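Please keep the structure turning in your viewer as you read.

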Amino acid sequence: MSDARRRLRAAPGLAPALKGGGLVALIAIAIAFPQVYSNPAVSSYGVLALIYVTAATAWNIFSGNTGYISLGQAVFYGSGAYTMGIAARDWNITGDSVFALLPLCGLVGAAIAIPFGLIALRVKRHTFIVITIAFFFIFQLMAFNFSFTGGSTGLQSPFLNWPSATYNTPFYYIALAFAAGAIAIAWLVRRSRFGLQLRAIRDDEDRARGLGVKAMRVKLSAFLISGTITAMIGAVWFYYINQVEPQTGFDPIFDLTLVLMAFLGGYGSISGPVLGALIIEPLTLWLNTQPQFSGYLSEILLGAIFLIVVLFLPRGIITTGGELITRIRTRGRPAVIPATSVGSSALASGATAASGPSSVSSGGGR
């Protein structure tokens, strides 16, 4: 057996092993990160990056699977933050006990997602974007004007009596648990019948309805899952940064950043939003520390990156990179023999076999 054939025989078993080994290595790196980089200035990058990994994955569970681009995800993010702040203030909850409010924040996100979705998901995709923007501004105005939200001054989080040197470490592992949970949910959704129905809606919603998919129920369920996860991670973000204001809890840049993360990594895939968040959020934090990018220059740069991605990398790094690797491995040849070639070969061999006996018989006749 030639070396080429041996490699082909080994490849099917080697690929899963490499993927599994890579996944184990990534998990080990993620767990060890705050122990290796204990400097709070560095570990804060990890905390915020994982928060955005969770939020981008939650956004992708709905928008990536259905094709409905949501620009109102900050509604859930800010609502989760305000829910934790209001509940902790009114019920006099302090210290580590505040984390017990996370399920409540998720329930509030789910409660908001139901009427939000029932209204917004009745329209087509382009109109849906406009409605999500309208909902976003409604919630931001309510945060500015209601007295229980603290108005324009916002809310302060309860004090945590943790050592300053390791203050970020518990938040890092909480954010890591949320990120891992969100990715696991996204994986389960994609491999389920529910995920297949979502992708059928993305491809052709009218045809999906004709095949028996209850589109409204399926879309609303995905929207509810996405809103619940986003509200809970928004509450973690609030407790980590110690305050929430209307312009930070309900920030339009947050929604645009999630879209950029998903499109940069690979819109609709599981790993795409994760990769996009791990690139964009640390880059944004670093730009904000540079004097030459002070003010709105960092946002302008992110907008330019978004345009470049949409124009030149519309399928994201994951999909485009995978296609490039396949092209290099096959040296530009098709990875699978075209069906037309197989069919034509079979027809040719059949014709040859058929022509043989006829030639003999005709020869015998002469």
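A pocket is found on a 1 Å grid over the protein atoms alone, as an open set of points with protein on both sides within 12 Å along at least five of seven lines, whereas a cavity is a set of points where a 1.4 Å probe fits but cannot get out; lining residues have an atom within 4 Å of a point. Grid points are joined across faces, edges and corners, and a volume is the space filled by probe spheres set on those points. This is a predicted model, in which local features need pLDDT of at least 70 and side-chain atom pairs count only at pLDDT 80 or more, while totals for chains, interfaces and linings use all residues. Residues are numbered from 1 along each chain as its sequence is written, and side-chain values use heavy atoms, with hydrogens and water left out.

**Pocket and cavity**

The second largest pocket has a volume of about 590 Å³. Its lining has 20 residues, and Y52, D251, E281, T284 and N288 are the ones that lie nearest its centre. Two or more lining residues come from each of α2 (40–66), α9 (215–241), α10 (246–249), α11 (252–265), α12 (271–288) and α13 (297–312). Helices here are DSSP runs (H or I, at least four residues), strands are runs of E (at least two), and both are numbered from the N terminus. The largest share of this pocket lining, four residues, belongs to α12.

A search of the whole structure turns up one cavity of 30 Å³ or more. T57, N60, I61, N65, A186, R190, G268, S269, I270 and P273 line the largest cavity. Here α2 and α6 (168–191) each give at least two residues, and α2 has the largest share, with four.

The table sets out both spaces by volume and by the class of their lining residues. Ala, Val, Leu, Ile, Met, Phe, Trp, Tyr, Cys and Pro count as nonpolar, Asp, Glu, Lys and Arg as charged, and the others, Gly among them, as polar.

| Space | Volume | Lining by class |
|---|---|---|
| Second largest pocket | about 590 Å³ | 11 nonpolar, six polar, three charged residues |
| Largest cavity | about 60 Å³ | four nonpolar, five polar, one charged residues |

**The fold and its core**

The protein has 15 helices and two strands. Of its 366 residues, 42% are buried; buried means under 20% relative accessible area, exposed over 50%, and partly exposed in between (1.4 Å probe, protein chains only). Among contacts with a separation of 6 or more, 78% join residues 24 or more positions apart, a contact being heavy atoms within 4.5 Å.

A nonpolar core is a set of buried Ala, Val, Leu, Ile, Met, Phe, Trp, Tyr and Cys residues joined through side-chain atoms within 4.5 Å. The largest one has 84 residues, and I51, M84, L102, F171, F223, W237 and L258 have the most contacts inside it. The largest share of this core, 13 residues, comes from α9. Beyond its neighbours within four places in sequence, W237 is in contact with L48, I51, Y77, A81, Q243, V244, T248 and G249. A second, separate core has five residues, including I61, A182, A186 and I229.

In α2 sits T54, which is buried, with a relative accessible area of 0%. Leaving out residues up to four places away in sequence, T54 touches A175, F178, A179, A182, I229 and I233. T54 and A277 are 223 residues apart in sequence, yet 8.8 Å apart in space, C-alpha to C-alpha.

How far apart are the end C-alpha atoms of helix α5 (residues 125–145)? They are 31 Å apart, which agrees with the 30 Å that 21 residues should span at 1.5 Å a residue; the expected span is 1.5 Å times one less than the number of residues. The buried residues of α5 are F128, I131, T132, F135, F136, F139, Q140 and A143. Their cover includes α2, α3 (74–90), α4 (102–120), α9, α10 and α11.

Helix α7 (residues 193–203) has G195, Q197, L198, R199 and I201 as its buried residues. These pack against α2, α5, α6, α8 (205–210) and α9.

Finally, consider two backbone angles. Most residues other than glycine have a negative phi. N92, in the loop between α3 and α4, has a positive phi of about 55 degrees, and N92 is exposed, with a relative accessible area of 66%. N242, in the loop between α9 and β2 (243–244), has a positive phi of about 75 degrees and is partly exposed, with a relative accessible area of 32%.
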